[in-house]
Amino acid sequence: AIHFRDGKNGSEDSELRFDTCQSLWNQIKLETEQIQEDLNKQLLDNVVSFLRRSHSEFQGKTTEWTYRMKSREIPTAALVLGVNVTDHDLTFRNLSEALQNNITPYIALLEAKDCSGIKNLMQKLMGQLMNCSTDVASLEDEDYVQVSQNRIRCSMKSLVDWYESVTKKTDSETLSKKRTSSSKHQQSPPVVVIFKDMESFTTKVLQDFIVISSQHICELPLVLIFGIATSPMIIHSLLPHSVSSLLCIELFQSLSCKEHLSTVIDKLLLTSRFPFKLGEKVLQVLINIFLYHDFSVWNFIRGFQLCIVEHFYSQPLSVLCCQLADAKERVNSLSHDQCENVRRLPSFRRYVERQEAEKQIALLTADSFLKETTQKLLEDLHVYHENYVSVLRCLHVFTCSLPKYPLGKQIRELHCACLENRVWETEDYESSLQLARMLNKSDLETILQQCVEILVSSAGNEFDKAVEKLKEFLTQFQKLEEAFQEQDVSVSSQKELQKKTDLYHLQKTLLELKDSRRSKKLTKFEMLRFEVVDYIDSLVRNYLVPADHKTLHEVVYFNTASVLRGHLNAAPRIALHTALNNPYNYLKNQALKSDGGSISNKAPDICIVYKLHLECGRLINLVDWLEAFSTVVTAVEEPNADTASSDQVDDIIHARFIRAVSELELLGFIKPSKQKTDHVARLTWGGC
């Protein structure tokens with residue numbers, strides 16, 4: 001939990017801000033989980049269908065299953081999930097739940113770090129299938145696992161025996177209840193083994209397990225699922241043909257992580273459901289981390305969560321970042337200090353400067369008038385967001401239909417361009433308009449129809465005239481009969497070109513054709529096309545004003561990109577230097593406070609050694625270093641008759657010094673020197 005009252009800009013409403021932040025994040029978390037479930041639904045349904053087919057073949061003992069038993073092929077699903085490994089956990093969790101609800105209760109989820117050998121793999125497999133916790137270190141013999149009071153040998157034969165005993169018990173229970181109810185799992189459900197990170201498994205472990213399993217496929221309905229981050233070819237790279245031929249592989253491809261990110265941005269940011277918004281620079285930081293680091297949608301969402309916490313933690317007026325109905329009530333309950341916070345907002349000060357003198361005085365002195373104005377401005381901001389999203393989608397329909405994408409193909413790229421500055425003043429926007437003025441009739445009709453659907457379904461109420469205008473354009477396109485005068489001219493000109501082959505007449509004809517095209521009048525279709533593009537341009541200029549031009553945008557927009565970058569972009573050297581040079585910064589112990597460059601003997605040994613090594617050159621004499629360390633440690637200690645002898649004290653200090661130097665070497669600050677045996681070489685230079 002974040003204690004907002006302890007942070008900067010703390011106020012009397014810190015608890016309300018914390019509750020609002022928590023409530024908003026819970027809503028967004030539920031939405032992201034629903035998005036993940038919807039995007040993976042097709043993949044999970046296909047895998048469940050594959051498992052159900054394999055299961056039914058084993059149940060009915062069909063010809064295909066008999067053939068598989070003879071050839072010893074194991075049904076295998078290869079899930080290509082992409083390089084965003086951090087997102088795989090949620091996918092496998094949803095997959096396990098889907099399989100348990102529809103196919104089988106016997107599911108084992110294996111990771112390479114737990115399966116260094118075939119014994120470890122079998123132990124993990126049997127431990128998960130038998131629903132028992134096993135600890136390798138606690139067993140005297142790794143060939144056995146403890147189940148209740150019995151120790152079972154970790155072998156495929158033991159697994160087959162266990163499966164037969166479990167299915168027989170299930171069959172008898174099912175027969176007794178068959179007349180009254182239907183069982184969720186049918187007889188002899190398959191045993192599913194999921195390899196989460198197939199690329200990380202050693203070749204020998206996979207080969208041994210597949211070969212052993214294929215020999216028992218007629219007794220144990222085993223199904224393998226490979227989680228693949230790179231390419232399906234990794235299966236043939238890890239396994240020789242003699243082993244891969246024992247697998248009956250079916251390939252499943254998950255949704256692209258870029259498409260997943262676009263859906264998340266569309267559902268979380270380009271909507272009026274959630275009042276919290278990201279500024280252009282902050283959104284660009286999160287997108288760059290996604291594109292250039294890990295392709296992880298989950299990490300993007302965690303970064304989004306960090307932005308929410310930081311916004312509510314640092315912005316005292318974030319209490320107004322809520323649904324419009326709640327915001328009205330909270331505006332009326334603003335205290336005088338909170339009203340002063342509103343007056344200090346840069347966007348509100350610009351708004352005041354544009355007002356008349358009397359209204360300026362009322363806004364700066366009368367809290368009641370300020371609350372009325374604030375309430376109206378928040379309503380305008382809410383309407384702006386609704387209209388912005390609708391027109392942005394219309395513009396995206398246009399730009400993604402062009403042969404080139406000056407403003408980007410994804411709506412997130414267009415959104416960033418609109419947040420950054422007035423998009424209609426950019427060269428990319430002008431290029432897009434020029435390309436839009438060359439679209440054909442069918443493309444324009446399709447675009448206009450999509451824009452009508454977007455504006456009709458919009459939450460805003462200002463698009464009635466726009467919808468009527470777009471429908472009028474569609475009607476004109478439908479009634480329009482294009483005149484092909486230009487085509488006739490071009491055909492006759494081409495015939496003349498074919499007749500005249502000498503260079504002089506060819507140049508003359510081309511110049512005449514060029515002049516005729518310049519002087520010719522626009523056709524009705526071209527004029528109508530220009531009108532459509534100009535009208536869309538007018539909508540863009542009216543509704544896609546950058547958010548930082550709107551009054552009170554600081555209440556709902558988080559724009560501090562530097563803070564977010566400091567949290568997400570790791571700087572380990574700076575953190576290490578801060579921790580070792582000033583341990584009070586992390587430990588918050590008053591005894592560790594030091595003035596200037598002084599060294600406190602209360603600091604941890606490694607901190608003392610580190611600060612002493614900063615005063616040395618390229619090579620550090622260990623004897624001198626030890627003496628300096630001993631001087632600092634014993635600086636304020638008073639002699640005591642009951643203390644140990646000086647030799648014992650020296651031995652303890654010597655041991656502490658050796659340990660601190662070893663830790664410093666482990667962190668990479670020093671290394672042994674080959675020039676002098678009693679010296680170490682310093683590896684870091686410069687300030688952080």
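The structure is a predicted model, in which local features need pLDDT of at least 70, side-chain atom pairs count only at pLDDT 80 or more, and totals for chains, interfaces and linings use all residues. Residues are numbered from 1 along each chain as its sequence is written, and side-chain values use heavy atoms, with hydrogens and water left out.

The protein chain holds 30 helices and 12 strands. Helices (H or I, at least four residues) and strands (E, at least two) are DSSP runs, numbered from the N terminus. The chain has 688 residues, and 44% of them count as buried. Buried means under 20% relative accessible area, exposed over 50%, and partly exposed in between (1.4 Å probe, protein chains only). The accessible surface comes to about 37300 Å². Carbon and sulfur atoms account for 50% of that surface. Areas come from the Shrake-Rupley method with a 1.4 Å probe; for residues, only the protein chains shown count as cover. A contact means heavy atoms within 4.5 Å. Among contacts between residues at least 6 apart in sequence, 74% join residues at least 24 apart.

Helix 10 covers residues 280-294. Its 15 residues should span 21 Å at 1.5 Å a residue, and the end C-alpha atoms are 21 Å apart, which agrees. The expected span is 1.5 Å times one less than the number of residues. Buried positions in helix 10 are Glu 280, Val 282, Leu 283, Val 285, Leu 286, Ile 287, Ile 289 and Phe 290. Their cover includes helix 9 (257-268), helix 11 (297-314), helix 17 (411-420) and helix 25 (561-568). Strand 8 (277-278) and strand 9 (557-558) are also among the covering elements. Just after helix 10, Phe 295 takes a positive phi of about 55°.

Strand 12 (residues 679-682) pairs with strand 10 (residues 619-621) in the antiparallel sense over 3 bridges. Two strands pair if DSSP finds at least two bridges between them. In this pairing, Asn 621 stands opposite His 679 of strand 12. Strand 12 is also joined to strand 11 (residues 670-672), again antiparallel, by 3 bridges. Here Lys 671 has Ala 681 of strand 12 as its bridge partner. Strands 11 and 12 form a hairpin, with 6 residues between them.

A search of the whole structure finds 0 disulfides, a disulfide being a pair of cysteine sulfur atoms within 2.5 Å. Cys 218 counts as partly exposed because its relative accessibility is 39%. Cys 616 is partly exposed, with a relative accessible area of 27%.
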